[in-house]
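Hi,

Here is the structure I promised to pass on. Please have a look at it first, and then read my notes below.

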Amino acid sequence: MSRGAALLYHLCRLSLGGLFLYAGAVKADDVVAFARDVANYQILPYSWNYLAAATLPYVEVVAGLLLLANRKVRPAALVLGVLTAIFMLALASVDLRGLDIDCGCFDPGGEGHTSARVALLRDFGIMALVVLTYGLRGRMPAPPR
């Protein structure tokens, strides 16, 4: 692998890991507010909103830490790719239904407002990071054990 590809891989891995570590940490800090944001999507049954809010941040934190530690990179990237695809479907659903809600992605219950359309565009960028991280990891030599 060329130095440029190795540099791109590490930049994508670290960006993705840091992004999801931050996103998971702020959501875990206020699970009730995050559950309210999840409920605003009007997709899940009421009790599932709390289940999603109580588990999702920790999945994001673990996957982010694995990426930052350069361990289990492909499984962590795959998990984050599946989550991002689910987020994108939920955001597209919100946009199609004309709901005006905050995505709750990085500031659950906060005063900021990120529209579904803007969050969807951001998620395309995140998905590009996932694809690059996953694909380039397959071309990297295995880390020493």
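To follow the notes, you need to know that helices (H or I, at least four residues) and strands (E, at least two) are DSSP runs, numbered from the N terminus. This is a predicted model, where local features need pLDDT of at least 70 and side-chain atom pairs count only at pLDDT 80 or more, while totals for chains, interfaces and linings use all residues. Residues are numbered from 1 along each chain as its sequence is written, and side-chain values use heavy atoms, with hydrogens and water left out.

Let's start with the pocket. On a 1 Å grid over the protein atoms alone, a pocket is an open set of points where a 1.4 Å probe fits, with protein on both sides within 12 Å along at least five of seven lines; lining residues have an atom within 4 Å of a point. The largest pocket holds about 500 Å³ of space, a volume being the space filled by probe spheres set on the points, which are joined across faces, edges and corners. It has 23 lining residues, and Val38, Leu56, Ile86, Phe87 and Ala90 are the closest to its centre. Which helix gives the most to this lining? H4 does, with 6 residues.

Next, the cores. A nonpolar core is a set of buried Ala, Val, Leu, Ile, Met, Phe, Trp, Tyr and Cys residues joined through side-chain atoms within 4.5 Å. Buried means under 20% relative accessible area, exposed over 50%, and partly exposed in between (1.4 Å probe, protein chains only). The largest nonpolar core has 20 residues, and Tyr9, Leu16, Phe20, Phe34, Leu67 and Leu80 have the most contacts inside it. H1 provides the largest share of this core, 5 residues. A second, separate core has 11 residues, including Met88, Cys103, Cys105 and Ala119.

Now the rings. Rings of Phe, Tyr and Trp (its six-membered ring) pair if their centres lie within 6.5 Å; planes under 30 degrees apart count as stacked, over 60 as edge-to-face and the rest as tilted. The whole structure has 1 aromatic pair: Tyr46 and Tyr50, edge-to-face, at 5.7 Å centre to centre and with 75 degrees between the planes. Both lie in helix H3, 4 residues apart, about one turn of the helix. Tyr46 counts as exposed because its relative accessibility is 61%, whereas Tyr50, at 39%, is partly exposed.

Happy exploring!
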